[in-house]
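Student: Before we go through this model, I would like to learn how to read its features one at a time. Where should we begin?

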Amino acid sequence: MKKSFSLLDRFASKPVASRQEAPDDVAALMREASAAQDRQDWAMAQRLWQEASERRPENINCWLQLGNMRNELAHYKLAITAFETARALDPQAAEPLAGIAGVHERAGDWNAALASWNQLVQLFEDPGRSVRPSDQEQQGHGFLHAALSASMAGQREFAMDIIVDATRRVPGFAELPGHLLMRARAVRQSDPERARALLRQCLERAPDEDAARFEFGSIALDHGKAREWAEAVDVVEAALVRRANDLSFLWLLADLRDRLREWSAVRVLSERMADLAAGEPRYLRRALDAALAMKDLVAARRIACTFTRTFPGEFIAVHELACAYEDAQELDRARLLFRFLRRKWPHSGWHEFRYIALTAARRSLAEADRLLRAAVARRGRDLELDRVYCDIAFRGGNFAEARRRLEWFISEHPDDEAAQLFLGYVIANTSSLAEAERHFLAMATRSFQAKGALVGLAHMAMRRREPLVVHERWASVVELYPDDTIGRVEYARSAYEIRDFDLALQICERQLRLLPSDVTMGEFYAWLLAAIGQFEPAWVYLKSLRRHTGPGWTILDLSLLSAAQTGRLDTEFDGILDSVPDSGTRRDGGRFYHAIRQLWSAHRPDLLHKLVDRATIEPRHLAWLSPYLRGHPGQPALAPAFHARVDAAWTRTRELVRGDTATRLRAASDAQIATLLDRPRHAFPTVHIVNKFEQTRGGSELHALDVGERLAGYTDVEFWAPEMPHPYFSAKLGVKAIEPGQGQVPHGGVLVIIGVYFNIVTWIRRARPKRVIFLYNTFEAPLLFERIQEVFEQTGVRSELLYCSDMMAREVDLPGFFEPSPVDIELFRPRGTPFPSGHRFTVGRHSRDVIEKHHGQDWKVYEAAAQAGGRSRLLGGTCMERVFPHTASIEFLPARPDGIVEFLQELDCYYYNTSTWIEPWGRVVIEAMACGLPVLVSESGGYAQAVEHGRTGLVFRTIDEAVELMRALIADPALRQRLGTEARRSVETLLGAPALARLVSFYLAQD
């Protein structure tokens, strides 16, 4: 919203000395009118000035103010009549002519305004006119307005001629702030920086010149960037002291805040404007847009309700809110709103289809089909209905039915490429990756290598976990479609996966040189730099990226990570907080969790309160935060109401978790456990183990198989995947894909869900489990809390929890049972023969080959071993070859899935430390202890509970401590022997028959 803000509003409204004072009753009326004018109640002010002018028609001030009020109300003809009356009362007064010219300005009739201002200027040249004290100032302002009108009428050269003439004829004209303002307006298009400089001079001379402040903000909008927008905000806000209720200023300030992505401020300003102009819908619309931009769905809902009440019959705000709920995955709320809109807008097929699709996702496919049949009966068949018919089967989790419907759809619409693509992914979920690949290959062949088909092939290779194939396929996408940003990012990512770091960097840098504004590639480039240990370049790049992109969760996470790794957290933390988005959905709660984890990994919980204070996420989405806040009571207090609401959300989840079974079994004796398990096989419930089963060597998958093997001696065990598992698991181990529409669900018994990062809503109600057990073994607290709630809502069952370590139990503070990741202690056992002569002391470790599993200062420990004549072997350490300085006697070996026992049995000592990753448990440490190795490990990690310092291993806090402890181990073979022996004994206790029997009893216990 822009208007040509008057150079001097006060000029047209300045009172004229009246020849006759008003009587007391009229004076009171005039004071009342002035008060209405001050509060911008123009209608009331007009009525009062009208009455005053009727009672004192000879009072020129009454007619001038009446003209001003009519002008504000856009009653232009009546305003001119009032000013003409005032002019007739005093033909030599300048104010009536200025008022008439102002009406023409307000109406946008710049030629008429120019004529009126010229009349005013000529008035001062009349030799018969008596000189008045304000003449010089008013003449100067008349010239300024005349120049403005000429400029707005397109006569820019004439406007400058007027300015030159005024400078010659009016003493001191060049010093007038308005003169500087006019010069700024004259050059704003050709030289905006010069215009801003002139306006700064103007404001130095006349800080109250609000027209200059308005112009400064307008120029920043049209020609500025972030720095200029921020400066303009300060300039325009200073005028609000006088213009608190001026809609033009408020709208301009909202525009500037909008450019800076300061959505919260935009919302507040827009709601303020909506209060001032209750009959104008655009202000509430803007407030809603700002609330949605910051994903503050609580505010958005409140504003949408206000909008609907204020403008009955207008439901666009409800539509936008429904879409926002769907984007935020709050599907139940979205569904109800789409149902409301479907009733209010029966002509809108789109809203009806959204309602049907969400019914399939949150209720059932059968109910969605019933609604769709009713829509067909009402509307008849069309392409969109056919498309919805396929989509709802997929959304309902019935992939086999989705495939049948898609095949029918394609037979009806053979040229629909989107349906062909969709079918390929459905085939992958219902049949096999190989068949899906054949589908995409055939599609690529007949479509002359369409991008969608090539991307589908790349995705299939990604699901197979074939890095080289993935890389080649993304290379094909990029070569054929060089402008595809996502494809280029995935190409760089695939280069990283095959350990070609130089190529990955080259891909990113080449793209960013061509398109510096590519935010997706920019964020990935920052991640890549951090992932390969280049934290200093990552920090430098992120600092520039933050300036150009504004707040964002990815930038926040990477900034916290890089600052922690480069020692900048204390000095840069306040600046990093500017990256926290103004958003508040459940999904944002999950992203915020990862920012909290970054501080935890950096061992800086003292900064947690500042990060929480900055976030705008609804407390109901932060139940997982309660243990973090309670765990550090020494921090500065957060708002009590916020803390209480977070605690209340945690309490609601706590009520949905049962811990009685865990408590009972912890207290039971070994004899009682043996009795519980000494029952016939048919007396125990079937155990259904659910996992994604997508990585053949994934830790979660191996854990699921270990649990199944342990339980198979007592009861029937079935393995399930929420979608088609990796071919290895389905072919070799009989893992079945869950297909609720086909009755293929884990029915009844005990449902063990290993991992909380996949959808369960579409099938768990049909499963009707007696018990539901979640294994919490990765840092995903928001998802765990969400799944617990979903289980209760869908089945009425209170979940039970297993924790892979005490650390994970403390993180969520919900009742549960400890289950260490199983290690085969018969396979992992000490070396049976002495080392051969000439054996060098060897320290080693094994892990995935990623930097986060190592620490950038670990080389100091390996250097200490080398100085004593030893060597270091890092299995899964090739990622550190470019990070560590050149250190003698380090072997950087690629990770491998087999030969781990033999690797460990060649070591004298096992060392383990991580950096940005905190191990939930650390199975690799337990494997080393089972092999009778003395372990030297960081205190950060779940495994630390299994290592008693000085008895079963050595635990350090700092790298310097680790170096000294390593030297002690090298110098004292007896110490190594003692620690290794005790380590083996402790693992036998931890994973021995009695402990495993107690754990098995937890799975098989019945009420």
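Tutor: Begin with one pair of residues in a predicted model: Leu 775 of E5 is the bridge partner of Ile 754. The strands involved are E4 (residues 750–754) and E5 (residues 771–776), which pair in the parallel sense over five bridges.

Student: What order do the strands take in the open sheet of seven?

Tutor: In general, the strands of a sheet pair through backbone hydrogen bonds, either parallel or antiparallel. Here the order is E3-E2-E1-E4-E5-E6-E7, with parallel pairing. E3 and E7 (817–818) are the edge strands, each pairing on one side only.

Student: Which helices pack on this sheet?

Tutor: Helix H40 (residues 699–711) is one of them; H40 touches E1, E2, E4 and E5, and its direction makes about 160° with that of E2. H43 also packs on the sheet, touching E5 and E6 (800–803), with its direction at about 180° to that of E5.

Student: How many bridges join E1 to E2?

Tutor: Four bridges join E1 (residues 687–690) to E2 (residues 717–721), and the two strands run parallel. Val 687 has Val 717 of E2 as its bridge partner. E2 also pairs with E3 (residues 736–737), in the parallel sense and over two bridges. There, Trp 720 is opposite Lys 736 of E3.

Student: How do I describe the packing of H34 and H43?

Tutor: Two packed helices are described by the angle between their axes and the distance between the axes. For H34 and H43 the angle is about 145° and the axes are 8 Å apart. H34 contributes Arg 586, Gly 589, Gly 590 and Tyr 593 to the contact, and H43 contributes Ala 781, Pro 782 and Glu 786. By class, this contact has three nonpolar, two polar and two charged residues.

Student: Which residues lie nearest the centre of the second largest pocket?

Tutor: First the general idea: rolling a probe the size of a water molecule over the atoms shows where empty space is left. The second largest pocket holds about 1500 Å³ of space. Its lining has 48 residues, and those nearest the centre are Gln 329, Arg 586, Glu 786, Arg 787 and Glu 790. H43 gives the most to this lining, with eight residues. The lining divides into 20 nonpolar, ten polar and 18 charged residues.

Student: Where are the edges of the six-stranded sheet?

Tutor: This open sheet runs E10-E9-E8-E11-E12-E13, with parallel pairing. E10 (890–893) and E13 (954–956) stand at the edges; each has a single partner strand, so one side of each is left without a neighbour in the sheet. Neighbouring strands of this sheet are turned by 20° against each other on average, direction ignored. E12 (residues 935–938) pairs with E13 in the parallel sense over three bridges, and Val 937 stands opposite Val 955 of E13. Helix H47 (residues 923–930) packs on the sheet, touching E8 (842–846), E11 and E12, and its direction makes about 170° with that of E11. Helix H48 (residues 959–971) packs on the sheet as well, touching E8, E11, E12 and E13, at about 155° to the direction of E13.

Student: Where is confidence lowest, and where is it highest?

Tutor: Where pLDDT is low, the predicted coordinates should not be read in detail. The mean pLDDT of the protein is 89, and 95% of its residues reach 70 or more. Confidence is lowest in helix H1 (residues 9–13), with a mean of 43, and highest in E11 (residues 909–912), at 98. The pLDDT is below 50 over residues 1–21, although this stretch has 64 contacts in the model beyond near neighbours in sequence.

Terms used:
Residues numbered from 1 in each chain as written. Predicted model: local features only at pLDDT ≥ 70, side-chain atom pairs only at ≥ 80, totals over all residues. Heavy atoms only, no water. pLDDT = per-residue confidence, 0-100. Contact = heavy atoms within 4.5 Å. Pairing = 2+ DSSP bridges. Axes fitted to C-alpha atoms, helices over the stretch in contact; angles between N-to-C directions. 1 Å grid on protein atoms, 1.4 Å probe; cavity = no way out; pocket = protein on both sides within 12 Å on 5 of 7 lines; lining within 4 Å. Points joined across faces, edges and corners; volume = space filled by probe spheres on them. Nonpolar A, V, L, I, M, F, W, Y, C, P; charged D, E, K, R; others polar.
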